[in-house]
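My notes follow in the order I checked things.

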Amino acid sequence: MAKIFVRNSAAFVNAVSRWSAAQNPDFAVVVLPDTDEDVAIAVRYANQRNVPFLAVNRGHGSTTDMSNCRRGINIYVRNLDSITIAEDGQSATLGGGVYGDQLVRTLRANGKVAATGACACVGLMGPGLGGGLGRYQGFYGLITDNILELTVVTADGSIVTASANENADLFWAMGGAGHNFGIVTGVTYKIYDDPAPDWWIASYGFTGEKLDQVFDALNQINGNGSQPKELTTYTFLAFDQAVSDEPSLVVTIYYAGPATAALPYAQTFLDLDPSTTSNQTVAYPDLADAVGTGMNSPICQPGNSAAVFPVGLLRFNTTAIHRVFDIYTELVLQHPDFSHSVVQFEAYPVQKVQSVDFASTAYAHRGDNLLVSLLALYTPSPTNDATAPLYGTRIREAFHAGQPGRQLNAYVNYAYGDETAEQMYGWEAWRLEKLRMLKGEWDPRGRFGFYHPVFLG
């Protein structure tokens, strides 16, 4: 039976607590459903009274659009967290509230893996509805590429099935723009035999003087999207006292396999004489903890404010990155409340992602090889809320200036909220035309309008 939490109760406060303290929705009540029908009833109730609603799982969405939900209903899907592995071992039936660490550890106990995001504390379907990048995508593609079937509560409170064979247009839209079309209460999801029980990870710290050499090396390894499926690199620009008193670069290699196979890539960075080095072999379920994105890691805890400003790239442009380096340095030195902010340079393997027909899902950025962003982490305050986009847009523009002649692509799961529909959902005219047509069919009143909404034309 569903539960209802009212304002000021302990359960309400816990349910509305979010990863970022900025740009949050305002809820009057929380509904904790136990079934699909509970979710549908909550949606129909909200419609009858013209009250806004928002589905919430782990609470990591940080777009400015969420602040437009005022005095709404929080449909808190966290109890929809069942995981049932099919007898043939090729798929699992998951509740819409399943999250990354839960799925990884459950599958590991059964000798299986699946595509998930990089942070253990984030839900599966939240990222999946916007594409869903992750370290296994070289093997299996995006999260959305692994969805076989969805159970969706639509804007009118109906419960429908969406798959390639049933409500196929809705299924297409859910794969990249899904936050606009429904609440996922269940999913049939592909799973796989574990190809690499242990992963080798290594980190290398460099001072800013080696910026050109580091990104030349990263471009060499990425090879315009041809890096091996086993290899992910994650680089960040930060103030790291272990490396330098100035902003520094930390490169982390994740390799699905033994150190001997990864060493040729590691040697590329060792040859640059890093200031710090570390490496270890870990079981895949422990990888997130090892690199600071685990359930108990500081980055997963609520309390601070956060804003992300993403850009999709083909290659790293060192001239642009020098400009980003200067803007980032100015941000942190002039605004100490932002001292934990980082600039992220994510290079996931893309072979499997790009082998999928680009027109087959609403996800529009399969052609991007790299994802860069400012992750602004700061002490909550109205002044800091205003400062974050000032620097975020400057860094975003600097990155984009490094790829002349190319349109700006903004990964929807990171997007700040000021991006255009084309930047988030694709520059091909047919994509937005199709999304708007489907929006008119499935959500003509715009009830799903608080996460990078697709507006009717």
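I listed the buried residues of helix H10: Thr318, Ala320, Ile321, Val324, Phe325, Ile327, Tyr328, Thr329, Leu331 and Val332. Buried is under 20% relative accessible area, exposed is over 50%, and partly exposed is in between (1.4 Å probe, protein chains only). Helices (H or I, at least four residues) and strands (E, at least two) are DSSP runs, numbered from the N terminus.

I noted the ground rules: this is a predicted model, where local features need pLDDT of at least 70, side-chain atom pairs count only at pLDDT 80 or more, and totals for chains, interfaces and linings use all residues. Residues are numbered from 1 along each chain as its sequence is written, and side-chain values use heavy atoms, with hydrogens and water left out.

I looked up what covers the buried residues of H10 and found that the cover includes helix H7 (211-222), strand S13 (231-238), strand S17 (342-347), S18 and H12. Contact here means heavy atoms within 4.5 Å.

I checked the length of H10 (residues 318-334): its 17 residues reach 24 Å from first C-alpha to last, close to the 24 Å expected at 1.5 Å a residue. The expected span is 1.5 Å times one less than the number of residues. At the start of H10, I found a side-chain oxygen of asparagine 317 within 2.9 Å of the backbone nitrogen of threonine 319.

I turned to the rings and counted 21 aromatic pairs in the structure. Rings of Phe, Tyr and Trp (its six-membered ring) pair if their centres lie within 6.5 Å; planes under 30 degrees apart are stacked, over 60 edge-to-face, and the rest tilted.

I picked out tryptophan 172 and tryptophan 430, a tilted pair at 6.1 Å centre to centre with 45° between the planes. Tryptophan 172 is in helix H6 (residues 168-177) and tryptophan 430 in helix H14 (residues 429-442), 258 residues apart. Tryptophan 172 is buried at 6% relative accessibility, whereas tryptophan 430 is partly exposed at 35%.

I then took tyrosine 363 and tyrosine 411: the planes are at 85° and the centres 6.4 Å apart, so the pair is edge-to-face. Tyrosine 363 is buried at 6%, and tyrosine 411 is buried at 5%.

I also found a cluster of Tyr136, Phe139, Tyr140, Tyr192, Trp199 and Tyr284, linked by ring pairs.

Last, I looked for charges over rings (NZ of Lys or CZ of Arg within 6 Å of the ring centre and within 35 degrees of the ring normal). The charged end of lysine 434 sits over the ring of tryptophan 172, 4.1 Å from its centre. Lysine 439 lies over the face of phenylalanine 181, 5.7 Å from the ring centre.

Definitions and conventions
A polar contact is a pair of N or O atoms within 3.5 Å; within protein, one must be able to donate a hydrogen and the other to accept it, and residues adjacent in sequence count only if both atoms are side-chain atoms.
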